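Hi everyone, thanks for coming. Let's take a few minutes over one model together.

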Amino acid sequence: MRKLLIWLPLVLFLGFFALFASGLFKPDDRVITSKLIGQALPAFTLPAAASDRPALASTQLADGKPRLLNIFASWCIPCAAEAPQLMALKQAGVAIDAIAIRDARPDVDAFLARNGNPYSRIGLDARSGVQIALGSSGVPETFVIDGKGRIAYQHIGDIRADDVPMLLQRLRDAQ
């Protein structure tokens with residue numbers, strides 16, 4: 001029995017080492033899937049966030065045509081980085097609406113003047129209530145909304161040039 005106790009620390013060490021090593025070699029699953037995919041958008045009515053764009057309500061997103069709903073903020077650096085891709089999507093005929101998070105109208109106007117305005121409507125979510133109801137954890141995030149107002153896909157993070165074809169396909173699939 002005493003001989004077994006002498007080897008116990010080594011066995012425990014090797015067990016912890018094996019556990020640690022398995023974590024190094026097994027890749028993490030970093031894909032976050034929304035629980036709201038396939039469900040209707042939560043009901044909301046937001047005031048206009050920009051001087052030259054109308055307000056946004058969830059009922060407007062169920063008009064029979066798939067569209068993107070972009071969550072952004074004027075203070076968000078990745079939001080400015082994704083602006084060229086959003087403009088490219090608009091030029092490809094994609095309808096894009098937006099929700100500005102914790103922002104002010106003059107700041108949103110300045111952001112759009114600097115980076116372009118691909119949006120049809122922009123709602124102001126001053127307290128992030130709609131953002132939280134959507135399951136959005138930050139900015140930017142983009143949702144593909146089908147023609148019935150249901151969430152078909154959630155893209156977390158900024159849209160990069162190589163994401164554009166995938167988003168166009170998701171929009172086609174949402175018809």
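This is a predicted model: local features need pLDDT of at least 70, side-chain atom pairs count only at pLDDT 80 or more; totals for chains, interfaces and linings use all residues.

Residues are numbered from 1 along each chain as its sequence is written, and side-chain values use heavy atoms, leaving out hydrogens and water.

The protein has 6 helices and 7 strands, taken as DSSP runs numbered from the N terminus (helices: H or I, at least four residues; strands: E, at least two). Along the sequence they run α-β-β-β-α-α-β-α-β-α-β-β-α.

How does the radius of gyration look? Over C-alpha atoms, the protein has 22 Å, whereas a compact globule of 175 residues would have one near 16 Å; that rule is 2.2 Å times the number of residues to the power 0.38. The C-alpha box along the principal axes is roughly 80 × 35 × 30 Å.

Now to helix α1, where F13 sits. Is F13 buried or exposed? With a relative accessible area of 52%, F13 is exposed; the cut-offs are under 20% for buried, over 50% for exposed and partly exposed in between, using a 1.4 Å probe and protein chains only.

Next, K35 lies in the loop between α1 (2-25) and β1 (45-46). K35 is also exposed, because its relative accessibility is 71%. From K35 to A18 is 17 residues in sequence and 34 Å in space, C-alpha to C-alpha.
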